[in-house]
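Hi there,

Here is the structure I promised to pass on.

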Amino acid sequence: MPDRTARAARICPDCDGFPTVAVTTGTRNQDGTRTTLPVICPACHGTGTAPRWLVTTGTSTVKEGVSC
């Protein structure tokens with residue numbers, strides 16, 4: 001009987017599989033809650049996965065300190 005091993009997950013190295021986050025703007029709504037904006041990972045475009053070459057090389061596609 002063959003031993004079936006699971007394929008390695010191709011999780012995006014830039015967002016670690018959490019492609020969308022909510023960032024507060026600093027302002028509040030009428031009911032007192034904070035205003036948030038959804039931000040999508042620019043490396044994986046919101047999928048949470050990355051191409052095999054990106055995962056195996058371990059290089060980041062997003063430069064630190066650079067805003068899009």
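First, a term: helices (H or I, at least four residues) and strands (E, at least two) are DSSP runs, numbered from the N terminus. Please keep in mind that this is a predicted model, in which local features need pLDDT of at least 70, side-chain atom pairs count only at pLDDT 80 or more, and totals for chains, interfaces and linings use all residues. Residues are numbered from 1 along each chain as its sequence is written, and side-chain values use heavy atoms, with hydrogens and water left out.

**Overall layout**

The protein chain has one helix and two strands, and from the N terminus on these elements run β-β-α. Of its 68 residues, 13% are buried; buried means under 20% relative accessible area, exposed over 50%, and partly exposed in between (1.4 Å probe, protein chains only). The accessible surface comes to about 5,700 Å², and 56% of that belongs to carbon and sulfur atoms. Accessible areas come from the Shrake-Rupley method with a 1.4 Å probe, and for residues only the protein chains shown count as cover. Contact means heavy atoms within 4.5 Å. Among contacts between residues at least 6 apart in sequence, 50% join residues at least 24 apart.

**The hairpin**

β1 and β2 form a hairpin with five residues between them, and G32 in the turn has a positive phi of about 100 degrees. The two strands run antiparallel and are joined by six bridges; strands count as paired if DSSP finds at least two bridges between them. V23 lies in β1 and stands opposite L37 in β2.

T25 is also placed in strand β1. Not counting residues up to four places away in sequence, T25 touches T35 and L37. T25 and T36 are eleven residues apart in sequence, with 5.8 Å between their C-alpha atoms. T25 is partly exposed, at a relative accessible area of 39%.

**A surface patch**

V21, V23, L37 and V39 form a nonpolar patch on the surface, with about 310 Å² of accessible area together. The elements that give two or more residues to this patch are β1 (20-28) and β2 (34-40). Patches are made of residues with over 30% relative accessible area and no salt bridge, where like charges are joined within 9 Å and nonpolar side chains (Val, Leu, Ile, Met, Phe, Trp, Tyr) within 5 Å. A salt bridge is a side-chain nitrogen of Lys or Arg within 4 Å of a carboxyl oxygen of Asp or Glu. V23 is partly exposed, with a relative accessible area of 39%.

**The core**

Which residues make up the largest nonpolar core? The six are C12, C15, C41, A43, C44 and A50. A nonpolar core is a set of buried Ala, Val, Leu, Ile, Met, Phe, Trp, Tyr and Cys residues joined through side-chain atoms within 4.5 Å. Leaving aside its neighbours within four places in sequence, C41 is in contact with C12, D14, C15, P19 and G46.

**Two backbone angles to look at**

Most residues other than glycine have a negative phi. D16, which is not a glycine, has a positive phi near 55 degrees. D16 lies in the segment before β1 and counts as exposed at 54% relative accessibility. H45 is not a glycine either, and its phi is positive at about 60 degrees. H45 sits in the loop between β2 and α1 (52-57), and its 64% relative accessibility makes it exposed.

Best wishes
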